[in-house]
Amino acid sequence: LKEALSSLRAIRKEPPERALHSISAVDPLNLVGLIVPGEPIARLANNRLLFRGGELLARLEAGRVEVVSLPDDLSPFDLERAILRNAAAGALIHPLQAG
């Protein structure tokens with residue numbers, strides 16, 4: 001539809017999202033290895049994934065944090081702290097709290 005095309009163009013012009021999103025590996029939004037590139041993570045409640053703008057940044061599996069992609073404005077410590085601190089699936093971590 002014509003309306004959809006204009007909406008998609010408007011989204012493309014917006015600045016990239018800087019908020020971090022942490023989800024549980026059991027969350028239905030966990031599409032890593034299916035649609036989102038990356039090695040699948042075991043679907044256990046204690047395992048987590050950390051995203052920003054749809055990009056997988058880190059994963060917590062078996063108590064170990066693995067940095068998958070490191071943005072220029074964050075350190076490995078920032079990602080580890082963000083994924084470990086967040087226990088609620090799908091919770092939002094604002095950019096200023098992450099750094």
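Helices (H or I, at least four residues) and strands (E, at least two) are DSSP runs, numbered from the N terminus. With that in hand, let's walk through the chain. This is a predicted model, where local features need pLDDT of at least 70 and side-chain atom pairs count only at pLDDT 80 or more, while totals for chains, interfaces and linings use all residues. Residues are numbered from 1 along each chain as its sequence is written, and side-chain values use heavy atoms, with hydrogens and water left out.

The chain has 3 helices and 5 strands, and along the sequence they follow the pattern α-β-β-β-β-α-β-α. Of its 99 residues, 32% are buried, meaning under 20% relative accessible area with a 1.4 Å probe, protein chains only.

Now let's visit one residue. Arg59 sits in strand β3, which covers residues 55–61. Is Arg59 buried or exposed? At 5% relative accessibility, Arg59 counts as buried.

What surrounds it? Setting aside neighbours within four places in sequence, Arg59 is in contact with residues including Val32, Ile41, Leu49, Val65 and Ile83; contact means heavy atoms within 4.5 Å. Pro40 and Glu39 are also among the contacts of Arg59, and the Arg59 side chain reaches the backbone oxygen of Pro40 at 3.2 Å. The Arg59 side chain also makes a polar contact with the side chain of Glu61, at 3.1 Å. A polar contact is a pair of N or O atoms within 3.5 Å; within protein, one must be able to donate a hydrogen and the other to accept it, and residues adjacent in sequence count only if both atoms are side-chain atoms.

Key. Buried < 20%, exposed > 50% of the residue type's maximum accessible area, 1.4 Å probe, protein only.
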